[in-house]
Amino acid sequence: MTEAAYLQPPPPDYLHDGHTLGSWLFTTDHKRIAILFALSITFFFFIGAVAISIVRLELVTPAGDLVGDDTYNKLFTIHGIVMVWFFLIPSIPATFGNFLLPLMIGARDLAFPRINLLSWYLYVGGAAFTVLTLLIGGVDTGWTFYTPYSTMFSNTAVLTAAMGVFVVGFSSVLTGVNFIATTHTLRTRGMTWFRLPLFVWSMYATSIVMVLATPVLAMTLVLIVAERWLGLPIFDPSRGGDPLLFQHLFWFYSHPAVYIMVLPAMGVASEIIACFARRRLFGYSFMVYALVAIAVIGFFVWGHHMFVSGQSPYANIVFSFLSFMVAVPSAIKVFNWTATLYRGSIAFDAPMLYAFGFLGLFTIGGLTGLFLATVPIDIHVTDTYFVVAHFHYIMVGGSVSAFFGALHFWWPKITGKLYPELWARAAAIAMFIGFNLTFFPQFVMGYLGMPRRYHIYPPEFQVYHVLSTAGAAVLGVAYFMPLFYLIWSFRHGGRASANPWQAQGLEWQTPSPPPHENFIVPPVVSEPYDYHPQEGPTAGGETSA
Amino acid sequence: MTGLRTTLTEASVNARTVDIAFLSVFAISAIIFLVLFVLLIIFAVRYRRGRPANRGPLPKLMRREIEIGWTTATTFLAIFIFWWFVAGYGLPPKAAPNQLEIHVVAKQWMWKTQHPEGAREINALHIPVGRQVRLVMTSQDVIHSFYVPAFRLKQDVLPVRITELIFTPTEIGRFHLFCAEYCGTQHSHMTGAIVVMTPPDYASWIHAQPHGDTQDREGEALYDQFGCGACHAPQSQVHAPKLFGLYGSSVTLTSGKSVRADDAYIKNSILRPRDQIVAGYAPIMPSYGALANPRAVEALTAYIKSLREGAS
Amino acid sequence: MSDTFLKPPFETLERQHQAVSFGMWVFLVSEVLLFAGLFAGYSVYRNLYPEGFLVAGRQTDIVYGTVNTAILMTSSLTIAVAGRAARAHFGRTARRLLIATMTLGLTFLILKGFEYREDIAKHLLPGPSFALAQPGAEIFFSYYWVMTGIHATHVTGGLIAVGRLVIASRRDATWLSGSASEDATALYWHLVDVIWIVLYPLLYLTGRTGHG
Ligand code: HEA
Ligand code: HEA
Ligand code: CUA
Ligand SMILES: [Cu+2]
């Protein structure tokens with residue numbers, strides 16, 4: 001860009017260059033692709049949500065009086081499949097990652113814009129399979145597809161479901177490759193590795209996991225299709241197959257996958273907390289190493305899902321140990337976020353409320369992970385609601401909160417509009433309350449022995465289930481609120497300046513919404529999170545001392 | 001009737017261990033969580049925007065040192081929890097002399113149990129209090145999981161494989177048995193009752209049951225049908241171990257280890273002979289996993305058990 | 001001429017080249033893990049059923065296997081040289097070599113097709129009428145079909161990629177010297193070969209090696 005740039009009238013922002021449907025469906029602009037992803041995952045979130053709403057209603061009474069056994073099994077299966085592969089895994093990376101990664105490193109776009117579009121089409125293709133699955137009667141294997149049930153016994157649409165996940169898998173591999181290549185080759189002048197915002201680092205770590213783990217899942221699904229469809233003996237024990245092989249392959253992917261679901265949330269939390277505490281993030285380099293450590297160690301703990309599967313007790317002990325080790329870097333991050341608040345200048349706008357929610361709920365979820373990593377405890381609570389509570393605390397309480405945090409934090413940048421702060425805070429608080437009401441009782445009933453994936457259950461657990469369903473109702477309402485007031489804000493919200501939060505980071509140096517080529521004038525790179533009033537230049541914010 | 005449950009009886013030796021572990025880890029996490037929580041509150045209040053407070057740069061000490069400090073602290077804490085509650089645990093307990101061996105066959109969607117005397121039950125298991133029980137389990141179809149919350153015990157039950165569960169009930173009463181591994185349509189109906197009785201009650205109960213000692217006859221038939229004798233019969237040309245008096249004896253394996261020839265061992269030898277090769281023999285025995293269904297294996301085992309010296 | 005190749009978001013051509021081949025490398029790592037999943041299962045079962053695998057291994061058709069190996073290795077050579085030629089601005093030669101590569105690739109697939117037909121005739125397709133009785137033999141062939149099948153789809157993918165170059169360069173062959181996708185395609189093609197080099201011993205030499 002030259003001086004001329006200043007004289008020219010500003011180019012149209014990415015929302016307004018091109019209004020035809022084609023200009024969206026064939027765009028290679030990472031910002032528009034991000035929007036496409038955002039709309040699709042929202043749709044799928046509600047599919048998963050409707051499914052589980054029915055489950056929750058069913059569980060109000062011990063008897064199976066609302067839906068039949070098969071329907072119930074299909075409901076929680078589609079809930080799990082959709083929420084994990086069609087909502088949470090793409091949620092932050094494919095939307096905010098897509099939108100922000102190039103902006104944050106001062107690039108015009110991702111390294112491979114056309115591949116980026118391709119990965120959206122792959123996503124939609126896979127999604128189509130899932131919808132097909134629903135139309136032809138659903139699938140009932142649970143999201144874990146355990147053999148031999150999935151290959152030899154279930155008589156539901158396992159094939160379409162597996163293929164859908166398979167295709168979406170490629171979408172996330174391509175996204176991963178794209179992000180990694182972009183981070184390596186498109187950082188603008190002065191944007192050294194250790195000046196990258198933690199959000200970019202989290203995207204980088206996530207991408208590594210996507211690229212290394214997803215193909216293994218893809219292969220496992222291929223084998224399932226081969227056995228179920230072509231009748232090739234692979235897992236079937238009655239034809240000599242090893243009943244545990246599938247579980248090893250599946251969890252080798254699916255444990256790292258849970259970090260695909262949380263690392264981006266950690267990235268978001270880091271950005272928000274630093275900005276609203278007006279503080280340089282505490283222990284930046286440790287935060288980076290922690291991210292990478294989680295990504296790496298995460299590949300060696302999959303066996304903790306198989307403590308009672310019949311694998312050798314020695315294996316159990318090793319996997320247990322590694323699970324404790326993977327907890328340490330997460331601990332470091334939690335401590336650093338807390339320390340960042342020290343001597344800060346803390347404002348409690350909606351994004352910060354979500355960040356606090358993330359912090360607390362992720363910690364609870366993570367700590368209960370330690371219970372599960374403790375073999376004797378896990379033998380008792382595995383496959384009970386204790387596990388269900390554990391992962392919802394991290395995935396819903398942690399990651400989904402962070403997702404909403406990001407949505408509000410970058411909403412002005414993405415849409416150029418301001419959202420109604422009061423409504424936003426109300427939603428955040430409602431979500432927090434509803435969430436705990438939904439899932440805390442599940443810890444209790446889990447420890448008391450309530451098995452998961454149970455359609456009917458002994459009456460002594462009813463009270464907890466009723467509480468949980470009540471919570472889900474609150475949660476449901478809370479999830480609907482943003483839907484409404486954000487649409488409203490998009491229409492009638494006040495104009496957002498380039499940097500409404502006085503935040504650091506290159507994405508705030510360009511108009512909101514950004515022009516097609518991201519930056520009119522090349523951005524100026526400074527130290528990351530240069531908030532601290534005393535040290536270095538400040539981007540506004542009180543410096544009351 | 002909706003009786004609210006807030007506690008879970010500890011009905012086995014193991015239950016104690018688990019509860020202690022749970023409470024300890026809970027205590028540790030609770031402390032960690034509270035500390036963090038309190039800090040969050042304090043910071044949120046003291047450093048609220050607009051409220052005057054010292055927002056100066058951090059004291060030097062609050063940099064690397066503290067970072068390294070809590071990293072190592074957490075690491076040690078983690079290792080401690082692991083070492084204290086996991087490292088010792090997990091290896092199955094020693095077999096007690098008067099151990100009660102019960103056979104469990106899981107199928108969609110029921111539990112079949114069988115007592116040494118041959119008495120069979122469905123979706124129920126009667127056992128005497130205070131006596132060590134050993135469940136030898138297999139599945140006829142998919143993976144199931146034998147779960148008794150009151151014992152804090154769970155073990156997956158696999159097709160074609162044998163898995164075991166050893167415990168000692170300490171409380172008299174009636175406890176839930178759940179299938180904890182998702183196994184299809186009626187997974188949630190695959191439940192039952194564990195009835196722990198005083199030894200005399202158990203004795204009289206077992207006495208009242210019809211006995212299935214026809215089983216080893218059945219086994220003998222299968223033994224001929226499968227042509228086991230082709231190799232194992234005393235006069236056979238094939239170099240294969242004699243099965244007389246095998247049961248209960250201790251067998252030396254090529255690996256050098258020696259094992260007690262109990263039900264599990266015999267079943268494994270039939271299902272997956274390659275796992276344990278008897279010293280001095282070639283691993284030529286075919287696996288009968290595909291031919292023999294769990295019931296047949298039970299029968300064959302019963303027959304081999306009946307082959308005591310002098311007997312038959 | 002460079003600006004004909006330079007696409008946004010890149011500002012310089014060599015950066016773009018770096019990005020393309022680096023991206024391809026990352027993708028190849030992913031591909032390797034795809035097959036790693038298969039190899040893991042293969043070795044588990046090979047330990048479980050040693051002689052089942054030996055017996056089954058002898059049934060695969062070593063002639064086809066070996067010929068195909070030779071073909072693929074030659075194709076690797078041709079595409080490598082094509083790259084050299086392109087960089088040395090011998091556009092025509094490069095293009096011819098690419099066509100040669102494609103023909104070799106196609107021959108590989110055709111031969112594989114014939115092999116498959118014979119395998120089926122010999123009842124080596126797992127199922128009720130499967131030829132071998134040994135435990136594990138059937139599983140070996142499950143892996144044989146899946147592994148070769150997936151590899152074949154990769155060869156097809158490679159063909160399409162090379163085909164794209166051939167078509168793109170039909171107007172002026174010098175195009176090859178500038179475009180970044182040339183080396184990327186070559187990288188991919190080499191990977192497909194390397195994977196075959198691993199499959200070959202697993203599927204064709206098992207049971208024919210000494211201890212068979
Ligand atoms: C985003 C998703 C996510 C994340 C991040 C995690 C994180 C962790 N998980 Fe979780 N997990 C799931 C999603 C996730 N999990 C899911 C979906 C399942 C069930 C799958 C199924 O069966 O359907 C599951 C199941 C699961 C199991 C198997 C349970 C069973 O089925 O029997 C285990 C067992 O070890 C486990 C452990 C852990 C551990 C140790 C962590 C650690 O990474 C947590 C680390 C974080 C902390 C520890 C908190 C912060 C630290 C401190 C505040 C300091 C104190 C720390 C120490 C003293 C070390 N998880
Ligand atoms: C990854 C993300 C993710 C997310 C976001 C959620 C979100 C939620 N999950 Fe999820 N859940 C999983 C992942 C996730 N879950 C997985 C992986 C499993 C395991 C599946 C398996 O066992 O295979 C699982 C299983 C699971 C179970 C266990 C089922 C069983 O074992 O029998 C339960 C039970 O309460 C549950 C509840 C909820 C609730 C209440 C929410 C809430 O957050 C949802 C909030 C939304 C609403 C409450 C609905 C909003 C309102 C509407 C959409 C309108 C409703 C309209 C009509 C009803 C017409 N989930
Ligand atoms: Cu049997 Cu679940
Ligand atoms: Cu895990």
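**Close-up views of a predicted model**

**Figure 1. A kink of about 30° in helix α9 of chain A is centred on A:W251.** The structure shown here is a predicted model. Helix α9 of chain A comprises 33 residues, numbered 245–277. From the first C-alpha to the last, α9(A) reaches 48 Å, close to the 48 Å expected at 1.5 Å a residue. Because 30 of its 33 residues are buried, α9(A) is largely enclosed by the rest of the structure. The residue that follows α9(A) is A:R278, and its phi is positive, near 50°.

**Figure 2. Three histidines of chain A are the protein donors of the copper ion (ligand 4).** The donor atoms are ND1 of A:H255, NE2 of A:H304 and NE2 of A:H305, and they lie 1.9 to 2.1 Å from the copper ion. Along the chain, these donors follow the spacing H-x48-H-H. A:H255 belongs to helix α9 of chain A, whereas A:H305 sits in the loop between α10 (284–297) and α11 of chain A, so the pair ties together parts that are 50 residues apart in sequence. A:H255 has a relative accessible area of 5% and is therefore buried, since the limit for a buried residue is under 20%. A:H305, with a relative accessible area of 28%, is partly exposed.

**Figure 3. The iron atom of ligand 1 has a single donor from the protein.** That donor is NE2 of A:H390, 2.3 Å away from the iron atom. A:H390 has its place in helix α14 of chain A. The iron atom of ligand 1 and the copper ion (ligand 4) are 4.4 Å apart.

**Figure 4. Ligand 1 lies between chains A and B.** Around ligand 1 there are 36 residues, of which A:Y259, A:D378, A:T382, A:H390 and A:R452 come nearest. At least two residues of this shell are supplied by each of α9, α11 (313–341), α12 (350–373) and α14 of chain A, and by each of α1 (13–46) and α2 (64–87) of chain B. The largest share, eight residues, comes from α12(A). By residue type, the shell around ligand 1 divides into 24 nonpolar, 10 polar and two charged residues.

**Figure 5. A shell of 33 residues surrounds ligand 2.** The closest residues are A:R56, A:Y72, A:H79, A:H392 and A:R453. A polar side-chain atom of A:H392 is 2.8 Å from a nitrogen atom of ligand 2. An oxygen atom of ligand 2 lies 2.9 Å from a backbone N or O atom of A:W143, and an N or O atom in the side chain of A:Q442 is 3.2 Å from an oxygen atom of ligand 2. Two or more residues of the shell come from each of α3 (30–58), α4 (69–104), α14 (385–415), α15 (421–447) and α16 (462–492) of chain A. The shell around ligand 2 contains 22 nonpolar, eight polar and three charged residues.

Terms used. Residues are numbered from 1 along each chain as its sequence is written. Chains are lettered from A and ligands numbered from 1 in the order in which they are written. This is a predicted model: local features need pLDDT of at least 70, side-chain atom pairs count only at pLDDT 80 or more; totals for chains, interfaces and linings use all residues. Side-chain values use heavy atoms; hydrogens and water are left out. Helices (H or I, at least four residues) and strands (E, at least two) are DSSP runs, numbered from the N terminus. The expected span of a helix is 1.5 Å times one less than its number of residues. The bend at a residue is the angle between axes fitted to the seven residues ending there and the seven starting there. Buried means under 20% relative accessible area, exposed over 50%, partly exposed in between (1.4 Å probe, protein chains only). A residue is near a molecule or strand if one of its heavy atoms lies within 4 Å of it. A polar contact is a pair of N or O atoms within 3.5 Å; within protein, one must be able to donate a hydrogen and the other to accept it, and residues adjacent in sequence count only if both atoms are side-chain atoms. Ala, Val, Leu, Ile, Met, Phe, Trp, Tyr, Cys and Pro count as nonpolar, Asp, Glu, Lys and Arg as charged, and the others, Gly among them, as polar. Donors are N, O and S atoms within 2.8 Å of the metal (3.2 Å for Na, K and Ca); water is not among the atoms, so sites may look incomplete.
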